[in-house]
Amino acid sequence: MASKAMFQSALSGQEFPTEAKVSCNSIRFPILKLIKEAHPDFDGKGNIANSELNIYREKYIANFLQSEVGELNAIHKNVLQSITDEKSFVSKVEDEVDNRTIGQTIADKVAAFGGSWTFIISFFIFILIWIASNVYLLLNKGFDPYPFILLNLILSCLAALQAPVIMMSQNRQEEKDRERAKKDYMINLKSELEIRMLDEKLDHLIMHQQQELIEIQKVQIEMMNDILERVKK
């Protein structure tokens with residue numbers, strides 16, 4: 001069985017798999033500056049491992065966040081971790097599991113049914129049947145004659161029980177809204193940081209290409225000078 005291709009990191013001197021290799025020429029200047037500050041002997045040439053680069057990516061973004069918002073909290077640390085691990089917050093939001101308790105599930109279902117036209121129409125029909133059966137069928141001598149004291153008691157008990165259950169569901173919805181707003185903030189923050197890093201990378205690539213073009217032009221000028229000298233001779 002063929003051995004796995006390895007390369008030696010110019011930063012630490014350790015060996016890593018070839019698929020983890022990152023050219024130092026493609027590293028953004030601010031991150032490369034952090035690496036050189038931490039390793040003065042590093043000349044900024046050769047290749048390093050992706051895991052080594054992620055350490056300084058996280059330091060660079062942490063420094064940027066600290067300069068913008070001050071002390072980092074748990075949300076910012078999660079964003080940093082997602083950038084270095086290249087994970088998506090969107091997939092996390094979409095793949096969330098339902099971790100509601102039995103009481104929360106019942107409260108949500110009661111609130112959903114209590115706020116629907118099905119409940120209003122069915123309860124209105126129930127009241128009509130109750131009144132009609134006592135007034136017309138039982139000639140107001142039935143189990144709940146006018147003024148329907150038992151019906152009023154049932155309505156009062158229903159309102160007393162339904163109100164806190166609906167409030168439980170609303171409190172849970174507020175918690176969900178806060179979590180959703182927090183995740184939206186993390187997604188927006190990560191997008192801003194990724195765009196900033198991409199912009200710096202493009203600037204670095206443009207500068208690197210310009211330097212290469214200048215070097216090529218220098219070589220071409222030298223070749224033309226050589227040709228002119230030969231022609232003169």
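Is Pro164 buried, partly exposed or exposed? Pro164 comes out as partly exposed, because its relative accessible area is 38% (buried is under 20%, exposed over 50%, and partly exposed in between, using a 1.4 Å probe and protein chains only). Keep in mind that this is a predicted model, where local features need pLDDT of at least 70, side-chain atom pairs count only at pLDDT 80 or more, and totals for chains, interfaces and linings use all residues. Residues are numbered from 1 along each chain as its sequence is written, and side-chain values use heavy atoms, leaving out hydrogens and water.

**The chain as a whole**
- Seven helices and four strands make up the element list, taken as DSSP runs (H or I of at least four residues for helices, E of at least two for strands) and numbered from the N terminus.
- Going along the sequence, you get β-β-β-α-β-α-α-α-α-α-α.
- Of the 233 residues in the chain, 25% are buried.
- Take the contacts (heavy atoms within 4.5 Å) between residues at least 6 apart in sequence: 58% of them join residues at least 24 apart.

**Ser9, in a loop**
- Ser9 sits in the loop between β1 (6-8) and β2 (15-17), and it counts as buried because its relative accessibility is 3%.
- Its side chain reaches the backbone nitrogen of Leu11 at 3.1 Å.
- Leaving aside residues up to four places away in sequence, Ser9 touches Gln14, Phe16, Asn47, Ile48, Ala49 and Glu52.

- Helices α6 (117-137) and α7 (149-232) are the elements giving two or more residues to the patch, and α7 has the largest share, with three.
- Ile154 lies in helix α7 and is partly exposed because its relative accessibility is 32%.

**Back to Pro164**
- Pro164 is in helix α7 too.
- Pro164 and Ala111 are 53 residues apart in sequence, with 9.9 Å between their C-alpha atoms.

Note on methods
Polar contact = N/O pair within 3.5 Å; in protein donor to acceptor, adjacent residues only side chain to side chain.
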